[in-house]
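Good morning, everyone, and thank you for making the time.

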Number of protein chains: 4
Amino acid sequence: MPTGPTSPGAAGDEPAFVHRRTISWGDTDPARMAYTGRFSDFMLEAIEAWFRARLDTDWYRLNIDEGMGTPFVSIAMDFKSPVTPREPLDIAVRVARVGTSSLSFAVEALGAETRRLCFTGSATCVFVDGQRLKPIPIPDKYRERLARPGRADEPDPQ
Amino acid sequence: MPTGPTSPGAAGDEPAFVHRRTISWGDTDPARMAYTGRFSDFMLEAIEAWFRARLDTDWYRLNIDEGMGTPFVSIAMDFKSPVTPREPLDIAVRVARVGTSSLSFAVEALGAETRRLCFTGSATCVFVDGQRLKPIPIPDKYRERLARPGRADEPDPQ
Amino acid sequence: MPTGPTSPGAAGDEPAFVHRRTISWGDTDPARMAYTGRFSDFMLEAIEAWFRARLDTDWYRLNIDEGMGTPFVSIAMDFKSPVTPREPLDIAVRVARVGTSSLSFAVEALGAETRRLCFTGSATCVFVDGQRLKPIPIPDKYRERLARPGRADEPDPQ
Amino acid sequence: MPTGPTSPGAAGDEPAFVHRRTISWGDTDPARMAYTGRFSDFMLEAIEAWFRARLDTDWYRLNIDEGMGTPFVSIAMDFKSPVTPREPLDIAVRVARVGTSSLSFAVEALGAETRRLCFTGSATCVFVDGQRLKPIPIPDKYRERLARPGRADEPDPQ
């Protein structure tokens, strides 16, 4: 499955990470397109796949094994054209900004075959202490990985 | 159930429509709060309840019976404090702007008991022809209802 | 909202608890009816509402405050007629069997207006220790409530 | 991604079709495992992937392009061990019975790494005319494919 780095993207120097997402019947509504409420799931699934590929962790392991969290403080999405099960989405995830505690992502989703722009989005999360939910600096081991050009040593399992 | 108009809200002259939403176990994640991906559902459910209460229709009837749609072109949300099943959300919906074809909403969600601000959001939809998905003017019968001060003659069934 | 006890039901001596559920656009698929994958949510939401009304708790408080869980070991559903947003569902929940650690439910969902049978279901959960996930006897305070005829002193907040 | 036929399964002569499913943070609840309400989605996604691989169609195309549907008349699931994001699920789908109009599936989900049995399930759908929702015989072109040993000429895109 073509999840992994691609050629340098328009939004920055970092090669984008691309998460391919099959659109299923259950994602669609009687207007014969994916329901608006599903798109934040599409975006968040792609961002979590980015965590697995780029930071070698996921939100479950961060929470359970490392006692921290990355709650989102904002998301926004612009819907550009209908999404249907006729083709998967290629959801490109780029880091837009690295703060002391926060990570901001820029997301762009294209039809996997038509390359038609389907939605763009942004999302910001903050590293927090899992107990008190107070912001903490992004741990060094993750900050280091952010500095390196994107690699996806192991294919995303989905 | 306290779904209905309230006293005039901060965001405009229109009394806000308030949709109460129970938070269930299935909405929550191992961080013991509602999962980010659920919030667009919370917001959209509240906006659809507004359609039922204020326009006396819903997205299903608009689509199936009237051959039109109201796809969203954008949504955005800021998350202010954790949401848990310990109290329902009171999700206030106000019309922020009425265009020729578009309707923009401003949403504000408080804990039903603590009155703590949990999230704010905005969303814009466009009335379209159901066949060609081209924008159409907001039908007069709905535009008239938008001009009147909000009433909710019949309680929302949820 | 008519959530609460009704006259004695067909499935037992216990008056059924009824959870009313609005069907939203997001629940439906291009076949213009609620998507199969949504029905276990409908059933589980109704069973959790039963926990709130009959046992005065919910799965979140059981887990976080009392250190126990009630994972399901099985669910089954038969779909009898299409569910659409044209009417809410009245989902009746009855206790079918009380074991040492387990609770089995029988669920029957009717159209709130047409009284047409939409689905029937069953589900069994087991009280477990939250740490080791080992079965524990149903705590006395809950077992006592199971023995009493159903009451819903406080309306369900949804 | 290892979606495709495997060696002959225990439940019949047909080699099982296996759908791999990543478990995400959003699938899990505060008990640190996938929420019960998500499992019918897991099962249905796997069955729809089977339609794509074995019948070369999906529920969207059946509905929109061919004017027919395959609504489910029943589903049942037994939950055997907790599912977490620590490993994907390998969901094996087998045809348990082919009727005149109906197809019954037997589903078995294992942890992709531990090979631990996580859930078993069954589901029956019926081919119907898309307008009147009346049962129709399974179209010959699909019935033929059911008779052949399972092949997955094209990898599942998810």
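Predicted model: local features only at pLDDT ≥ 70, side-chain atom pairs only at ≥ 80, totals over all residues.

Let us start with chain A and chain B, where 23 residues of chain B are in contact with 23 residues of chain A. The size of an interface is often given as the accessible area lost when the parts come together. For chain B and chain A the buried area is about 1,800 Å², and carbon and sulfur atoms give 61% of that figure.

Which parts of chain B supply the side that touches chain A? At least two residues each come from helix 1 (39-54), helix 2 (59-64) and strand 4 (72-79) of chain B, and the largest share, eight residues, comes from strand 4 of chain B. If we sort this side of chain B by class, we find 16 nonpolar residues, five polar ones and two charged ones.

Now let us look at the strands themselves. Strand 4 of chain A, residues 72-79, is joined to strand 4 of chain B by five bridges, and these two strands run antiparallel. Within this pairing, A:Ala76 stands opposite B:Ala76, while A:Asp78 stands opposite B:Ser74.

Strand 4 of chain B also has a partner inside its own chain, namely strand 7 of chain B, residues 117-126, to which it is joined by seven bridges in an antiparallel arrangement. If you follow B:Ala76 into strand 7 of chain B, you will find that its bridge partner there is B:Ser122.

Finally, how is chain D related to chain A? A rotation of 180° with 0.0 Å of shift along its axis superposes chain D on chain A, with an RMSD of 0.0 Å, and therefore the two copies are related as by a two-fold rotation axis. Both copies use the same surface, since 100% of the contact residues of chain D recur in chain A.

Definitions and conventions. Residues numbered from 1 in each chain as written. Chains lettered and ligands numbered in written order. Heavy atoms only, no water. Contact = heavy atoms within 4.5 Å. Buried area = accessible area lost by both parts, 1.4 Å probe. Helix = DSSP H or I, 4+ residues; strand = E, 2+ residues; numbered from the N terminus. Nonpolar A, V, L, I, M, F, W, Y, C, P; charged D, E, K, R; others polar. Pairing = 2+ DSSP bridges. Least-squares fit on C-alpha atoms with pLDDT ≥ 70 in both.
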